[in-house]
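Here is a short report on one protein chain.

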Amino acid sequence: MPIPVSYSFRNLFTRRLTTFLTATGMALVVFVFASILMLSAGLEKTLVETGSDDNVIVTRKAANSEVQSGVERSQAAIVESLPDIATGSDGTLLAAKELVVLISLPKRGSDKPANVVIRGIDPASLKLRPQVRLVEGRMPRPGSTEIMAGGSIAQRFKGGGIGESLRFGMRDWTVVGIFDAGATGFNSEIWGDAIQLMQAFRRPVYSSVTFRLRDSGDFSAVKAKLDADPRLTLDVRRETRYYRDQSEAMAKFLRILGMSLTVIFSLGAIIGAMITMYAAVANRVGEIGTLRALGFQRSSIMLAFLMESLLLGLIGGVAGLFMASFMQFITISTMNWQTFSELAFSFTLTVEIIYKSLLFSLLMGFVGGVIPAVRASRLNIVDALREG
């Protein structure tokens with residue numbers, strides 16, 4: 001007959017100090033494990049949500065990012081002539097020819113320089129990105145040296161606030177507006193008039209052309225049409241696919257780093273759990289003998305001790321996840337290795353991360369408890385009662 005689960009609960013509560021210390025060690029490991037996954041998920045979410053599945057972005061073939069891309073004016077005109085491009089309520093094409101360049105700006109407080117994305121936009125750019133909204137000031141006037149900054153830029157970089165000015169491209173630019181792009185990469189950009197920025201940076205070509213499809217299902221046909229045009233040497237991707245590619249390298253690096261740290265720390269937690277369970281077996285030899293004498297089978301003894309170890313892991317997992325959940329209130333910035341610009345994003349806790357973390361904590365509990373549990377089940381009844 002099986003030993004009640006309450007037996008395992010009571011034994012953990014009886015050994016409160018060792019239970020607390022072991023569960024704390026496991027909680028710290030789960031905290032690291034979950035935090036790294038949350039960091040990777042936050043990066044992917046920020047970049048993927050930057051794009052829309054209805055939008056198509058066209059860049060130079062083999063260019064990994066808009067910063068490295070160049071689309072000639074004649075090629076941009078060919079793309080704009082596609083009949084598959086949607087139109088707005090005013091009848092204008094929902095297509096934007098944009099310029100993307102990098103500049104270096106000092107951070108507030110530290111004066112440490114970091115690369116920032118400057119995006120030259122045209123009137124259709126905002127219509128293509130409904131997630132972008134002006135929260136302070138006004139829109140830059142076309143044909144002027146006025147710019148607007150994302151909320152992250154305004155907070156973290158000198159000269160990025162409303163009414164302040166920045167000097168780049170041998171011109172002084174005045175910040176007349178602050179926009180909020182939510183949890184997207186646009187929040188870490190500065191926007192201005194594309195023509196003025198092309199002149200300032202002496203760039204005769206655009207970086208990309210972005211347009212919205214009349215029918216999202218026509219993407220394959222549109223891509224095939226542009227790929228087959230001998231006048232074009234362009235890559236055609238859905239905007240979501242483009243930004244997912246942007247996050248892939250950094251997210252993979254974070255996952256590898258996180259797994260390496262987690263493996264190292266988890267070894268210590270597993271050894272701690274194993275020592276705790278061995279001590280529990282040593283202190284309860286007489287109790288084990290009594291249980292065997294009452295008719296409980298070896299498998300029941302083993303499952304009872306294994307249950308204790310799993311409960312220990314679960315307690316550590318829940319505690320670690322609870323601590324990691326507070327990381328969602330933290331916003332960090334890092335280098336986007338595709339564009340070499342600074343990107344601000346937050347930790348993101350998902351259902352997938354929750355169940356992976358709990359499974360990981362249970363795995364630590366199982367590995368740490370299985371050997372002591374087997375030892376407990378193999379104790380001889382007479383020897384156990386004598387030692388007890």
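## Surface patch

Buried means under 20% relative accessible area, exposed means over 50%, and partly exposed is in between. Leu28 has a relative accessible area of 47%, so Leu28 counts as partly exposed. The model is a predicted one. Leu28 sits in helix 2, which runs over residues 16-48.

Leu28 belongs to a nonpolar patch on the surface.

## Salt bridges

Side chains of opposite charge can pair when their charged atoms come close. How many salt bridges does the structure hold? The count is 18.

Take Arg119 and Glu98. Their side chains meet in a salt bridge, at 2.8 Å from N to O. Arg119 lies in strand 3 (residues 113-121) and Glu98 in strand 2 (residues 95-106), so the bridge ties together parts that are 21 residues apart in sequence. Are the two partners buried or exposed? Arg119 is buried, with a relative accessible area of 1%. Glu98 is buried as well, at 0%.

Lys356 and Glu352 make another pair. Their closest N and O atoms are 3.1 Å apart. Both residues lie in helix 11 (residues 351-377). They are 4 residues apart, about one turn of the helix. Lys356 is partly exposed, with a relative accessible area of 35%. Glu352 is partly exposed too, at 41%.

Some bridges share partners. Such salt bridges join Glu66, Glu98, Arg119, Arg129, Glu189 and Glu239 into one network. Arg141 and Glu146 also form a salt bridge, with the closest N and O atoms 2.8 Å apart. Glu146 is buried, with a relative accessible area of 8%.

Helix 7 covers residues 219-228. Which of its residues are buried? Phe219, Val222 and Leu226 are. These residues cover an arc of only 70° around the axis, so they fall on the same side of helix 7. On the other side, Ser220 and Ala228 are exposed.

What covers the buried residues of helix 7? The cover includes strand 1 (55-60) and helix 3 (73-80). It also includes strand 9 (208-212) and strand 10 (234-238).

## Ala194 beside Glu98

Ala194 lies in helix 6, residues 194-200. Ala194 is buried, with a relative accessible area of 3%. In sequence, Ala194 and Glu98 are 96 residues apart. In space, their C-alpha atoms are 6.1 Å apart. Glu98 is the residue that pairs with Arg119 in a salt bridge.

Which residues does Ala194 touch, leaving out those up to four places away in sequence? They are Lys97, Gly120 and Ile121.

Gly268 is placed in helix 8, which spans residues 239-283. Its relative accessible area is 45%, so Gly268 is partly exposed. The C-alpha atoms of Gly268 and Met26 are separated by 8.8 Å. Along the chain, these two residues are 242 residues apart.

Gly88 is placed in the loop between helix 3 and strand 2. Gly88 is partly exposed, with a relative accessible area of 22%. Gly88 and Arg212 are 124 residues apart along the chain. Their C-alpha atoms are separated by 9.9 Å.

## Annotated spans

An unreviewed UniProt entry carries the annotation "transmembrane region".

Over residues 301-332, the chain is 78% helix and 6% strand. The end C-alpha atoms of that span are 49 Å apart. Residues 353-374 are 100% helix and 0% strand. Their end C-alpha atoms lie 31 Å apart.

Key:
Residues numbered from 1 in each chain as written. Predicted model: local features only at pLDDT ≥ 70, side-chain atom pairs only at ≥ 80, totals over all residues. Heavy atoms only, no water. Salt bridge = Lys/Arg side-chain N within 4 Å of Asp/Glu carboxyl O. Helix = DSSP H or I, 4+ residues; strand = E, 2+ residues; numbered from the N terminus. Buried < 20%, exposed > 50% of the residue type's maximum accessible area, 1.4 Å probe, protein only. UniProt positions renumbered as here; feature names shortened; annotations may be inferred. Arc of directions from axis to C-beta. Contact = heavy atoms within 4.5 Å. Patch = residues over 30% accessible without salt bridge, like charges linked within 9 Å, V, L, I, M, F, W, Y side chains within 5 Å. Areas by Shrake-Rupley, 256 points an atom, 1.4 Å probe, with all protein chains shown as cover.
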